[in-house]
Amino acid sequence: MREVVTDRALIEGQLRTATSADRVWLLRLLGHLEQSASEGEALLAASAAVPRHERIRPLLLVAHTRSWQRAWGRAAELHAEALTLAVDTSREAVVRQHWGKCLFEQERYAEAAEQFRTALRLRQAAGEAADLVESSAIALRRTRELGSLTRFSGHSI
């Protein structure tokens with residue numbers, strides 16, 4: 001469920017003019033995880049005074065980077081904080097989708113499936129765009145498939 005960079009030069013070009021938040025994302029995509037985490041944590045510190053719902057994106061950006069670094073505890077803390085700031089179903093769905101990705105990375109398929117299932121239900125109930133609903137449905141389906149394979153092979157999920 002990771003993004004794949006097919007044109008590094010394009011991403012590197014975007015990096016030069018990107019906002020602080022977009023830099024965190026682009027640096028992660030390019031594999032510059034330490035720089036992404038450092039700039040992300042600085043962005044989080046600077047976002048302390050913004051309205052609650054505006055803090056969700058920086059939290060998720062840093063959580064995603066921390067997940068790629070396999071810093072699972074920090075990623076979970078950030079997801080949990082983002083969930084407390086989700087003031088509507090659309091924002092909650094976004095947080096749960098991202099948390100599901102983090103759990104998927106850890107091969108915690110049952111927990112990931114629960115996050116994707118909740119994101120899907122929230123997106124459907126809110127009448128979200130078809131591509132967002134489909135994204136949650138695909139993630140849930142893939143997670144269930146891998147969870148079934150893991151159980152079948154004798155490994156616990």
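At what angle do the axes of helix α1 (residues 8-15) and α2 cross, and within what distance do they come? Before I answer, let me say that this is a predicted model, in which local features need pLDDT of at least 70 and side-chain atom pairs count only at pLDDT 80 or more, while totals for chains, interfaces and linings use all residues. Residues are numbered from 1 along each chain as its sequence is written, and side-chain values use heavy atoms, with hydrogens and water left out.

Two packed helices are described by the angle between their axes and the distance between the axes. The axes are lines fitted to C-alpha atoms, for helices over the stretch in contact, and the angles run from 0 to 180 degrees between N-to-C directions. The helices themselves are DSSP runs (H or I, at least four residues), numbered from the N terminus, as are strands (E, at least two).

Now to the answer: the axes of α1 and α2 come within 10 Å and cross at roughly 155°. That makes α1 roughly antiparallel to α2, on a scale where angles over 145 degrees count as roughly antiparallel, under 35 as roughly parallel, 65 to 115 as roughly perpendicular and the rest as oblique. The crossing of α1 and α2 is left-handed, a word used if the near helix is turned anticlockwise from the far one by less than a right angle, with right-handed used if clockwise. In this pair, Ile11, Gln14 and Leu15 of α1 meet Arg23, Leu26 and Leu27 of α2, where contact means heavy atoms within 4.5 Å.

Let us follow α2 to its next partner. The axes of helix α2 (residues 20-29) and helix α3 (residues 33-46) come within 8 Å and cross at roughly 160°, and α2 and α3 are therefore roughly antiparallel to each other. Here too α2 passes α3 in a left-handed crossing. The residues that meet include Arg23, Val24 and Leu27 in α2, and Glu39, Gly40 and Leu43 in α3.

Among the residues in contact are Leu60, His64 and Trp68 in α4, and Val94, His98 and Lys101 in α6.

Which residues lie nearest the centre of the largest pocket? They are Leu60, His64, Val94, His98 and Lys101, out of 19 residues that line this pocket. On a 1 Å grid over the protein atoms alone, a pocket is an open set of points with protein on both sides within 12 Å along at least five of seven lines, a cavity is a set where a 1.4 Å probe fits but cannot get out, and lining residues have an atom within 4 Å of a point. About 390 Å³ of space lies in the largest pocket, a volume being the space filled by probe spheres set on the points, which are joined across faces, edges and corners.

Finally, a search of the whole structure finds 1 cavity of 30 Å³ or more, and the largest cavity has a volume of about 100 Å³. Its lining includes Met1, Arg2, Leu60, His64, His98 and Lys101. The largest share of that lining, 5 residues, comes from α6, and α4 and α6 each supply at least two residues.
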